Amino acid sequence: MSSAINKIALLNGMRALGFSLIWPYIGLILYKLGLPFWLIGIYYSAQMLVNIISQVIGGVLTDIMGRVKLMLIGNIGSSLVLMLTYLLIKFNVVVVMILLLAQSLFNSMFAVASSTIVGDVEKGLGNLIRAYSRIRVGANAGWALGPLISGYVMYYLGYGYVFLITALIALASTPLILMLRGLERRVVSFRLIRVNAPFALFLIPTMLLFSTMGLLGFALTTYYNVVKHIEISDIGLVYALNGFMVVALQDKVGGFLSRRDIRYWLVYGSLIYYISYSVIFVISNIYEALLDIALVTTGEIIVSPIVQAIAMNMAESDKRGQYMGVFGLVSNIGRTMGSIMSSEAMQYMINKPLLLWQSLSSPALVASLIYLSLFRINRRLINVTRQLH
């Protein structure tokens, strides 16, 4: 693996350490600050709109301005907004919502540029799978610790301090971004975004899959805390196990997948996601929650590098930023749909856990069936996924 990929992995690990302090708990924090479930659903709907704008704009700016410049803008901008959130959290919860949406805009721009720069360094589907797996190891090293730390910070110090700590950690990662200046690449001309047909088809089940992946956050945290009365500090252990499993296994699994027919493994991983979330209704304590998150993480380790690598491999070389912007847009819409669906479903099915988790997990099942159909009927998509080296 190239030193550039290791640097990107280190950068993502440091930022993940910061942002994982707040990301799984944002919906719960807003709920604890007094927002009802329906208004939290509106917040996630607004976040989806922000993500649509930021992913499209970020994809275009990544190609025009350059990857590193946009990463700097996204990182510093999100840090400053989070500092302001810390200062104003006791002022008004609606102001906090607006600031968190602004933070999402800057963070999404960073994510597009960070994902695109990988395609500048590595070529070929197999190499991309290994590269994205390595970067996920770095990110999840931070993810493993962040929610665990923030659970105790919120319990003993209050919600506001997690925003301050996240902002400071993100700012401290700025020198790592500057180390990537030698990889800078940009396209000086602008063309309207127009993705190829296989890419567009691939995004349909991918959006559904990401809606189930998006349950790892607001839905899981709120259900365990509000319904099962598991302490926030204990819920941090769930996210810690998720992160540690990725750190320990992702590189090995990525290497294994790069030598296999990933079409079927994408289907297998989607089915694992469906099963792991559909059985949450039987969970009653933290120990059972830890067992289930191990199964969730298995699905994550399989599908996450595959979908990123396929998307990047289908992108035209001079429009990688725009393609990854569209991919990021779709994945963020999917994740946000998961949060919106869960906030709405909890209003009506909070006391019907079997129905609740079957409805929330079913998009992953549908995605697996669509993937299977697409890989069989679309010859160009089949050829793309066979390009392992």
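Biologist: Is Thr116 buried or exposed?

Modeller: Keep in mind that this is a predicted model. Buried means under 20% relative accessible area. Thr116 has a relative accessible area of 0%, so Thr116 is buried.

Biologist: Where does Thr116 lie, and in which helix?

Modeller: Thr116 belongs to helix α5, residues 93-121. Its side chain has a polar atom 2.7 Å from the backbone oxygen of Val112. Now look along the chain to Met324, 208 residues apart from Thr116. The C-alpha atoms of the two are separated by 6.2 Å.

Biologist: How many salt bridges does a search of the whole structure find?

Modeller: The search finds two. For a salt bridge, look for a side-chain nitrogen of Lys or Arg within 4 Å of a carboxyl oxygen of Asp or Glu. Arg134 and Asp251 make one of them, at 2.7 Å from N to O. Arg134 sits in helix α6 and Asp251 in helix α11, 117 residues apart. Arg134 is partly exposed at 22%, and Asp251 is partly exposed at 29%.

Biologist: Which residue forms a salt bridge with Glu300?

Modeller: Arg136 does, with the closest N and O atoms 2.3 Å apart. Glu300 lies in helix α13 and Arg136 in helix α6, so this pair ties together parts 164 residues apart in sequence. Both Glu300 and Arg136 are buried.

Biologist: Which residues make the nonpolar surface patch?

Modeller: Tyr152, Tyr155, Tyr156, Leu157, Tyr161 and Ile165 make the patch, about 660 Å² in area. Helix α6 gives the most, with three residues. Helix α7 supplies at least two. Ile165 is found in α7 and counts as partly exposed, at 31% relative accessibility.

Technical notes. Residues numbered from 1 in each chain as written. Predicted model: local features only at pLDDT ≥ 70, side-chain atom pairs only at ≥ 80, totals over all residues. Heavy atoms only, no water. Helix = DSSP H or I, 4+ residues; strand = E, 2+ residues; numbered from the N terminus. Buried < 20%, exposed > 50% of the residue type's maximum accessible area, 1.4 Å probe, protein only. Polar contact = N/O pair within 3.5 Å; in protein donor to acceptor, adjacent residues only side chain to side chain. Patch = residues over 30% accessible without salt bridge, like charges linked within 9 Å, V, L, I, M, F, W, Y side chains within 5 Å. Areas by Shrake-Rupley, 256 points an atom, 1.4 Å probe, with all protein chains shown as cover.
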